[in-house]
Amino acid sequence: MTAAPLRARASVVVAIAIALAAWASAFVVIRAVADDFDPGALTLGRLAVAVIVLGIAQAVHGAWVRPSGRQWLLLGIFGILWFLVYNLALNAAEHLLDPGTAALLVNVAPLIVALVAGTLLGEGFPRWLIIGAIVAFGGIAIIGAATATGSLSLLGVVLALIAAVTYAIAVLLQKPLLAALPGLQITLIGVAIGVVGSLPWGGALVAQLAAAPAASTIGVVYLGVVPTAIAFLAWAYALKRMPAGRLAITTYLVPVLATGMAWVLLGEVPPPLALLGGLVCLSGVALTRVRSSARAADETVREPATEVTPAEEPR
């Protein structure tokens, strides 16, 4: 393998690591600010910060590809599902379910992405991807069993499943959009749509910002800058350059990373069974990286040659 493909592969790995670590940290920060901001106000607050950061990046970058009518439709659905419905459903579900049950239900999404992408996006069903996905989901199930409290809310279950389905659909919509539009532009439009949709919580956000301690306000800003703006840009970069199903399975590492962060930062020692689940999850994600030599040659990460010009895609 030459130096260029190695650099390309390394850049994708770094992008995935940034996205997963940022999303894992969001669980810790959301827990820290939950007493000061309700789900709607928190969604609007973090998205408002993110749209400012992304807007500045877009202004500095200066490239804008005019979407077609069909692309605007897909962008609208993408923004509503991932940046509005997903955030609201997940935040509300976490108020009704214990963390283990919520994590188990929401993490149905990567399986949906892998299965649908294999059919509709022509990614196929690599044997080790399917095996690894099942093993990783088994790890999530073990973590869920270890942290479940025994209480179950039907509304919470429905909301968590809505979050899972909207996340999966959003990824499947984003993949083809990245073939024609820059990742920064897609992310900015999606977040802006989420901001508009969450404006009904503007009054609550203003009131809660006035009453919240400085640490919680800083937490909201952090959620907007890192787990939203930076993480979604990194995700878009990786999704453009690898199969959606394979990338989605890596998100099974987020609960493992979040558990480790909560252990270190909040002193929340996970049950031994949760640690076992984390190891199983890690093993499953590792299995998805097993490929035959023929597939390895076909799936070598490369810079897109015809999808966008260098002036259109931020590096």
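## A charge over a ring

In this predicted model, Arg241 sits over the face of Tyr237. The distance to the ring centre is 3.8 Å.

## Aromatic pairs

The protein has 11 aromatic pairs. One of them joins Trp23 and Trp235. Their ring centres are 5.3 Å apart and their planes meet at 50 degrees, so the pair is tilted. Trp23 and Trp235 are both buried.

Helix H10 also supplies Phe232, whose partner Phe83 lies in helix H3 (residues 69–96). The pair of Phe83 and Phe232 is tilted too, with 4.8 Å from centre to centre and 55 degrees between the planes. The two parts it ties together are 149 residues apart in sequence. Phe83 has 1% relative accessibility and therefore counts as buried. Phe232, at 8%, counts as buried as well.

## Confidence

Mean pLDDT for the protein is 84. A value of 70 or more is reached by 87% of the residues. Helix H9 (residues 202–211) has the highest confidence, at a mean of 97. Helix H14 (residues 293–298) has the lowest, at 45.

Across residues 292–315 the pLDDT is below 50. Beyond near neighbours in sequence, this stretch makes 44 contacts in the model. Where pLDDT is low, predicted coordinates should not be read in detail.

Note on methods: Residues numbered from 1 in each chain as written. Predicted model: local features only at pLDDT ≥ 70, side-chain atom pairs only at ≥ 80, totals over all residues. Heavy atoms only, no water. pLDDT = per-residue confidence, 0-100. Helix = DSSP H or I, 4+ residues; strand = E, 2+ residues; numbered from the N terminus. Contact = heavy atoms within 4.5 Å. Phe/Tyr/Trp six-rings, centres within 6.5 Å; stacked < 30°, edge-to-face > 60°. Buried < 20%, exposed > 50% of the residue type's maximum accessible area, 1.4 Å probe, protein only. Lys NZ or Arg CZ within 6 Å of the ring centre and 35° of its normal.
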